[in-house]
Protein chains: 2
Amino acid sequence: QIDHFGFDENLTFQQRYLVADQHWKKNNGPILFYTGNEGDITWFCNNTGFMWDVAEELNAMLVFAEHRYYGESLPFGNESFSDSKHLNYLTSEQALADFAVLIEYLRTTIAGARYSPVIAVGGSYGGMLAAWLRMKYPHVVVGALAASAPIWYFGDLVPCGAYYSIVTNDFKMSGSGCSESIRNSWNAINRLSSTDAGLQWLSSTFRLCSPLQNLQDAAILKNWLGETWVNLAMVNYPYKADFLQPLPAWPIQEVCKFLKDPSLSDKLLLQNVFQAVNLYYNYSGEASCLDMSETATKNLGQLGWYYQACTEMVMPTCTDGVNDMFEPQKWDFDAFSEECYRLWGVRPRPSWILSMYGGKNISSHSNIVFSNGGLDPWSSGGVTQSISDSLVAVVIPDGAHHLDLRSRNPLDPKSVQQARALEICYMKQWIEKARRSH
Amino acid sequence: QIDHFGFDENLTFQQRYLVADQHWKKNNGPILFYTGNEGDITWFCNNTGFMWDVAEELNAMLVFAEHRYYGESLPFGNESFSDSKHLNYLTSEQALADFAVLIEYLRTTIAGARYSPVIAVGGSYGGMLAAWLRMKYPHVVVGALAASAPIWYFGDLVPCGAYYSIVTNDFKMSGSGCSESIRNSWNAINRLSSTDAGLQWLSSTFRLCSPLQNLQDAAILKNWLGETWVNLAMVNYPYKADFLQPLPAWPIQEVCKFLKDPSLSDKLLLQNVFQAVNLYYNYSGEASCLDMSETATKNLGQLGWYYQACTEMVMPTCTDGVNDMFEPQKWDFDAFSEECYRLWGVRPRPSWILSMYGGKNISSHSNIVFSNGGLDPWSSGGVTQSISDSLVAVVIPDGAHHLDLRSRNPLDPKSVQQARALEICYMKQWIEKARRSH
């Protein structure tokens, strides 16, 4: 159903979902249901090894459901992003309703699944959806594992600078001089970009596919560098991995090896910064130039996510250059709103998500594990202290963005091993309780 | 906000709500919040004396919120019912979001209400909304009193004939020969309406404002009579009252005084049936003729409710003439759907309400009292057995439709007095618990 919440638009669309049932015990064995987030579901499926690792132990079926407007689940095909009319059904509420209806469909159509307890699993925005699915449809899922889900990064629930201060901390701890080098790089760029020769030097030093033409382009360069540091913080995994980009183990430590001396002259400093970002964008060594229009895997649906950020998923961020290594930038809601209106013809409603999902007042819910990595900037908006016996926080001090959802790895730190063990333990409890109540 | 769940329609509308705060204790005294149903809120306000009776004891503020598309809360003014585009925002989900947003608005704008615990109160469809508000927005209301709320009269959760069999039982118990007289009346009408003379006789005997012209009109007559019996069952109160119509105490007993002999000839039987319905429509004695187009107070919004029934509030009913006193009529979803499409251009989605609100699987929620009257046909779809310590059923054997929500009355049966006492007790518990957790 394209619109679950109104009856004027009665069209339906095809939602993609993936099923793996080789370990499933028929007759009501559990189902682990991945609540797909803003990207291609096959990519999430291939990057959520935890579910594959536990399927046998839990005799569980795995289902990965794609989020509407991402991957191949486009309500209006190629027209889905054409205007605000077609985008109108891209909301978390519609996505949750999709999941609830899909789960009921699976239960009635798969032989032996009628009373299968279903556990929602998700990471990042998908983790929010997992938690919210349990909150809003507790009759559909018996529990949820919400990994690295910043459900509180809304309104004024957390300081807007929290996110970037964790990013900064990751760099500060990964090598001396590292965060200071980055902090100093902004003004170095500003100085160089004030002349044409400087712009040319920057373009060639950073091996940019499209050379910088003016100050605006220099702002794009800084923005792109900022996103690079942020992404590195998210994927600062303890082993070689390919999530947003192919990267070595502990990539921030690798990057910081180039950024030891913050007091260098502008050009020497920025040459080092290039070495650092080149490691992120060109670990394979195959790139002939660096493309500022992309900072991460194409499997993420940037367009759709930007629309969501422009409507209900308003996450205020800011930097001050003191508690973080970025150029100072206040959170400017009005400018953001204007930009959203210009792009999509919509206005964000920043308080709606709090009215809908309760903000910090969620104690009457149950059976949700919130896991967060201490290295993950998103942990600043996550639930990092248990709220009750059944709303449990699991903190993984040396984990980046939903490390716990990744496959077991010999280089996993103890903390993520323990976190996964605890998560499995809760899942078993929920399954057991559901079984008893039948 | 006209559309809480989409961002393309960004218009707002004025929602009416009534506030009574003479007994309210500032600094976080509780708020009893009436979740308005399908009618003018002033009428519900004047017919929910229970809230007025307990305000002082609880030091509570009373708020009565009007449901969108009813009374004066019309999202598009006079255009609100013009077509399916304008009607698109008439759903229970939008209404619940209105309530949640309104409560947060009140909490932030009324001095001293910041941490006021709010309890949802409602009857009938309003009772469903009260329960659903607690289920979906437990961060907004600490508990709910759902009076005579048939939250299970959907899908196949209850037999479709349950409703009419309770109506029948009310008549059966209120006088010998009563339900049999009504059961026999249908064929008497069928026989008479086969001739023009008979139609004329029926028109004058029933003092109809518009005379019957043909068999179709005779069907309207039967439908109107059926609705009359149904309405009598709902308002079978133990004292003189004016809810749907001005009526004497125990009106079914009064009506049944005319319906003692089911074996009379067609005309004598129907003359008695006229006396019976005349008591319902003309208790004041002022009506010069009876108007079949209206069976109850104008304060109810029939048009809006029919649209809701045609979309998500699909409540299947049927009669068999054996377990009930009505003409046999199967539940015919397809015909119903066609009629909805003809009238509004929409198709009902009968399973959505179950996916949304959980059907019978609601045990993970808390703090809801479901009250039901044994005489009330809607009790057939209500929660009449407690589900848990905090999902409590209160049954009032000699109560009709939400008798407990009415003002205290010297003629109240013991059972409703006890029910109210229990309801107050639970409210106090919820308030106390909310206070302690602060």
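**A first look at the two-chain model**

1. Helices (H or I, at least four residues) and strands (E, at least two) are DSSP runs, numbered from the N terminus.

2. A word on what you are looking at. This is a predicted model, in which local features need pLDDT of at least 70 and side-chain atom pairs count only at pLDDT 80 or more, while totals for chains, interfaces and linings use all residues. Residues are numbered from 1 along each chain as its sequence is written, chains are lettered from A and ligands numbered from 1 in the order in which they are written, and side-chain values use heavy atoms, with hydrogens and water left out.

3. How are the two chains related? Chain A is superposed on chain B by a rotation of 180° with 0.0 Å of shift along its axis, at an RMSD of 0.0 Å. That is the relation of a two-fold axis. Within chain A, Lys136(A) has the C-alpha nearest the axis, 2.9 Å from it. The copies are superposed by least squares on the C-alpha atoms of residues with pLDDT of at least 70 in both.

4. Next, the interface. The contact (heavy atoms within 4.5 Å) takes 37 residues from chain A and 37 residues from chain B. Of the interface residues of chain A, 100% are also interface residues in chain B, so the copies meet through the same surface.

5. The area buried between chain A and chain B is about 3300 Å², and carbon and sulfur atoms give 52% of that area. Phe5(A), Phe7(A) and Arg349(A) supply 26% of the area that chain A buries against chain B, more than any other three residues. Buried area is the accessible area (1.4 Å probe) that two parts lose on being put together, summed over both.

6. Which charged pairs cross between the chains? The count between chain A and chain B is 2 salt bridges, a salt bridge being a side-chain nitrogen of Lys or Arg within 4 Å of a carboxyl oxygen of Asp or Glu. In one pair, Lys85(B) meets Asp8(A), with the closest N and O atoms 2.8 Å apart. Lys85(B) lies in helix H3 (residues 84–87) of chain B and Asp8(A) in the segment before S1 of chain A, so the pair joins two chains. Lys85(B) is exposed at 53% relative accessibility, whereas Asp8(A) is partly exposed at 24%.

7. Another pair is formed by Lys85(A) and Asp8(B), whose closest N and O atoms are 2.8 Å apart. Because Lys85(A) sits in helix H3 of chain A and Asp8(B) in the segment before strand S1 (17–20) of chain B, this pair joins two chains. Lys85(A) counts as exposed, at 53% relative accessibility, and Asp8(B) as partly exposed, at 24%.

8. Salt bridges also occur within a chain, and the count over all chains comes to 24. Asp98(A) and Arg68(A) form one, with 2.7 Å between the closest N and O atoms. This pair links distant parts of the chain, 30 residues apart: Asp98(A) is in helix H4 (residues 92–109), and Arg68(A) is in the loop between strand S3 (61–65) and helix H3 (84–87) of chain A.

9. Tyr17(A) lies in strand S1 (residues 17–20) of chain A and counts as partly exposed at 30% relative accessibility.

10. Finally, visit Asp320(B), in the loop between helix H12 (302–309) and helix H13 (333–344) of chain B. Asp320(B) is partly exposed, with a relative accessible area of 33%. Not counting residues up to four places away in sequence, Asp320(B) touches Phe326(B) and Pro328(B). The C-alpha atoms of Asp320(B) and Gly161(B) are separated by 7.5 Å, and these residues are 159 residues apart along the chain.

Terms used
Buried < 20%, exposed > 50% of the residue type's maximum accessible area, 1.4 Å probe, protein only.
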